[in-house]
Amino acid sequence: MDEQRETLQRIVSTLANKNDEIHNFIDMLNHTIKNVQVNSSNAISELDEEFDGLYSILDEMKGSMANTIQQEEARKIQALQDQLSQCSNALESSEELLELAAQSLDIKDPVEFLKAARQIKDRVTMASAFRISLKPKVSDSMTHLMVDFTLERRMLQAVKFLPVPKAPEIDLTACLVADNCITVSWRMPEEDSRIDHFVLEYRKTNFDGLPRVKDEQRWELIDYIKATEYTLSGLKFDTKYMNLRVQACNKAVAGEYSDPVTLETKAFVFSLDSTSSHLNLKVEDTYVEWDPTGGKGQEKIKGKENKSRSGAPSPKRTSISTRSSVRGSRDHFTGESYTVLGDTAVESGQHYWEVRAQKDCKSYSVGVTYRNLGKFDQLGKTSSSWCIHINNWLQTTFSAKHNNKTKTLDIPVPDRIGVYCDFDGGQLAFYNANSKELLHTFRTKFTQPLLPGFMIWCGGLTVSTGLQVPSAVKTLQKSENGLSGSTSSLNNIA
């Protein structure tokens, strides 16, 4: 009995679930019917608008062509009426002369007769009747204004609903990836004059080959592209590849997407490593800021002379306890080394990143270092670190530093500094990121992986990564490499 009751309950539950599914499906069908009715009404309205537009164009063309015929009629009638008037005047003059000649035949006096005959002869010579053309200036034909709409009629009879556009084909050979821009070029498999615009979609990925359904970022969309080429600019290349696809759209419908293509977007991407940064630095991803309230494990700074006018301790006067109360802080930079490093090393190839300092930044350095930089070491003061240094404390000084040697740079300090590192070529170059003017180049042979390095005191730095080596920098580097000794290097200074 209980088993049968349980079986019956399962049947009831199954039927109830099935009934819910059917109810939901009925609701969906009713909703679909309403949508069909609404969409059909919209389609008929659009059809009426299109035909009304066509009728309007035909009426306008008919009026224009009828006006042309009427103008031609008026022109011809005017020309014929002018000719008719001339003929009437000539005939009247000729009849008058004829009557005069007939009367002269009755003159008996020979002298008077000769005189009259000469006068008549002279008048006949000048008579307009002998100078006018007796051929109509214009014909009565209007065949040059006839029309034949056979071709147009066939075209109208061939009018159909808009077809779905075919998928475009992306031309990989014409695509270009440079300067953090991607230029995409495509073509239609066959000419289609009904195409109104194109839609370009792209998304970042770390997978080569065809796009994956899972674990992918969403597609970004660029709509209403009229040409068959488009350039995506200002991109951050923080993934290895970019998927791209294009679809064509006519006035009514969008076609299928093109086969997606995958372009390599290789660039150097790193964040700032807060696990080893100085405790007086506040680090967030690619931003670092001087924080005078940090470093609780350090001894308190003594003496008024150890404080600047802003209340922040001077990096040149801070005394640091050699016995830190925080045992784990020995991995952090400390003392006067207000340093933070990048979390990704350069081990080969050519790479580029940029740095922007806050306007009130008092002192900062930008460069690279081997991993062996000591926690008390400062950038540019060891044989394994290279940097440029900006000091805005009392007056602005700009210099390049390596192995505790300094070279003053007698050029304005840019608001954005570009860092170019050619690991295999042994070059570290600094540029004005706006104008791409070369600021300084270090030339050496790198024997260990390099970490981006930054020192800052009183202010903040923003680092931009995911950048390709700019074309202008590549061109300048080729030029520099072609000129022996064109750029001085601290590595060559004794």
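In this predicted model, a residue is called buried when its relative accessible area is under 20%, exposed when over 50%, and partly exposed in between.

Q: Is Ala 90 buried or exposed?
A: Ala 90 sits in helix H1, which spans residues 2–104. Its relative accessibility is 2%. The cut-off for burial is under 20%, so Ala 90 counts as buried.

Q: Which helices does the salt bridge between Glu 96 and Arg 123 link?
A: The side chains of Glu 96 and Arg 123 meet at 3.9 Å, N to O. A salt bridge requires these atoms within 4 Å, so the pair qualifies. The two residues are 27 apart and belong to distant parts of the chain, namely helix H1 for Glu 96 and helix H2 for Arg 123.

Q: Is Arg 123 buried, partly exposed or exposed?
A: The relative accessibility of Arg 123 is 38%. Values between the 20% and 50% cut-offs fall in the middle class, and therefore Arg 123 counts as partly exposed.

Q: Which strands hold Arg 245 and Glu 201?
A: The side chains of Arg 245 and Glu 201 form a salt bridge at 2.8 Å, N to O. This pair links distant parts of the chain, 44 residues apart. Glu 201 is buried because its relative accessible area is 7%. Arg 245 is in strand S7 (residues 241–249) and Glu 201 in strand S4 (residues 197–205).

Q: How many residues apart are Arg 416 and Glu 354?
A: A salt bridge joins the side chains of Arg 416 and Glu 354 at 2.8 Å, N to O. Arg 416 lies in strand S18 and Glu 354 in strand S13 (residues 350–357). Both residues are buried.

Q: Where is the pLDDT below 50, with 40 contacts in the model beyond near neighbours in sequence?
A: The chain averages a pLDDT of 86, and 88% of the residues score at least 70. Where pLDDT is low, the predicted coordinates should not be read in detail. That caution applies to the stretch with pLDDT below 50 and 40 such contacts, residues 296–330.

Notes. Residues numbered from 1 in each chain as written. Predicted model: local features only at pLDDT ≥ 70, side-chain atom pairs only at ≥ 80, totals over all residues. Heavy atoms only, no water. Helix = DSSP H or I, 4+ residues; strand = E, 2+ residues; numbered from the N terminus. Buried < 20%, exposed > 50% of the residue type's maximum accessible area, 1.4 Å probe, protein only. pLDDT = per-residue confidence, 0-100. Contact = heavy atoms within 4.5 Å.
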